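Dear colleague,

Please find below the structure for your review. My findings follow directly after it.

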Amino acid sequence: MLGVSRVIGTRLRNQRAQQPRISGKPPSGRYLSLRERLQMADLLRLGCSLRAIGRELGRHASTIKRELDRHRDSKGRYLPRIADHDARRQRRRPRERKLQTSPRLRSLVQAKLTSHWSPEQICGWLARQFPSEPHLRLCPETIYQALLFHDDGGLRTDGKPRLRTGRKIRKHRWRTGPGHGAVVKNMTMISDRPAEIETKTEAGHWEGDLIVGVGSVSAMVTLRERKTHYGIIINLPHGHTAVLTNQAIITALSTLPTHLKRTLTWDQGVEMARHQELATATGLRIFFAERSSPWQRGANENFNGLVRQYFPKGTDLSVHSKEHVDQVCKELNTRPRKSLGYLTPAAILRTEEQAHHLRKLPR
């Protein structure tokens with residue numbers, strides 16, 4: 001449409017997606033001026049309150065407080081000309097890139113990106129790992145800017161995906177139309193599931209699904225526990241009938257204690273046609289989500305997205321060995337999660353097992 005190459009079009013789109021930079025124009029009324037800062041200093045010497053200063057300047061009292069908190073010197077004095085100079089310097093764009101000026105920080109971020117950590121996980125881990133070193137803090141947007149917008153972050157992307165999702169630009173999400181699956185009989189719907197499961201205060205409530213390979217020949221069972229976010233992957237290289245799916249789930253959960261096998265929520269796929277046999281063999285209460293409602297199994301849908309990073313759509317899943325699948329599962333369960341306070345699902349699951357064992361010991 002524009003008469004340019006695809007490369008130029010992509011570059012234009014990326015530039016359009018970037019956040020606008022603040023230019024070097026004189027500050028507008030949005031920012032405090034030097035005159036206002038001088039007046040503020042005079043009113044402070046006269047003993048006026050923050051609210052009185054705000055009324056005099058036509059500013060909110062919280063604006064005055066933030067200005068004083070930000071620009072007082074080590075002795076508690078507010079010097080208006082120095083404050084104005086510092087404010088202008090801090091607003092200057094473009095700033096020096098933190099990833100570019102700190103080789104140590106850049107190498108830490110690069111190592112975690114290579115291990116397929118998300119920017120949010122990296123930033124949470126940095127804050128937890130180096131609490132007394134604020135120069136090693138980042139916000140996720142800094143990493144996204146460096147990877148998606150070539151923002152001189154110094155991160156290497158040669159030979160490796162830029163992000164674990166593999167995408168190169170930001171894009172809007174859209175929903176596809178509803179699907180039509182096979183009918184499973186004698187279902188207990190998710191609306192009948194106990195309300196306390198939603199609170200995630202009790203471990204042992206699982207969500208499951210299949211991810212399917214090319215031609216719907218091979219598949220993998222994915223299970224995720226709601227509270228601990230612990231995930232399980234079982235390869236089904238020779239088909240995904242109801243019998244094979246049941247066997248895979250029974251084997252995977254056989255090593256878990258009874259208190260970690262309470263409920264399972266699945267979609268209405270035909271692989272659950274023999275769900276009553278599965279419930280008898282495992283002791284699970286099985287519930288079914290509504291049709292075309294993946295958000296009702298949000299924990300599992302999120303886990304499927306992580307799994308697809310290693311086993312992309314449109315590929316043959318039967319070629320992966322059990323050892324490789326187990327290694328992927330281990331890697332996913334040892335990643336920190338924001339919702340877990342940047343602890344790992346494996347650590348939280350161990351805590352649940354130990355806590356239950358302690359409760360059973362005689363007092």
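Leu-38 belongs to helix H2, which spans residues 34-45; helices here are DSSP runs of H or I with at least four residues, strands are runs of E with at least two, and both are numbered from the N terminus. The model is a predicted one, in which local features need pLDDT of at least 70 and side-chain atom pairs count only at pLDDT 80 or more, whereas totals for chains, interfaces and linings use all residues. Residues are numbered from 1 along each chain as its sequence is written, and side-chain values use heavy atoms, with hydrogens and water left out.

With a relative accessibility of 29%, Leu-38 is partly exposed (buried is under 20% relative accessible area, exposed over 50%, partly exposed in between, with a 1.4 Å probe and protein chains only). Apart from residues up to four places away in sequence, Leu-38 touches Pro-80 and Arg-81, a contact being heavy atoms within 4.5 Å. Its C-alpha atom is 9.8 Å from that of Tyr-78, 40 residues away along the chain.

Tyr-78 also meets Glu-67: their side chains form a polar contact of 2.8 Å (a pair of N or O atoms within 3.5 Å; within protein, one must be able to donate a hydrogen and the other to accept it, and residues adjacent in sequence count only if both atoms are side-chain atoms). Glu-67 sits in helix H4, residues 61-71, and is buried at 3% relative accessible area. Beyond its neighbours within four places in sequence, Glu-67 has contacts that include Leu-32, Arg-37 and Met-40.

Overall, the chain comprises 14 helices and 5 strands, and 40% of its 363 residues count as buried.

Yours sincerely
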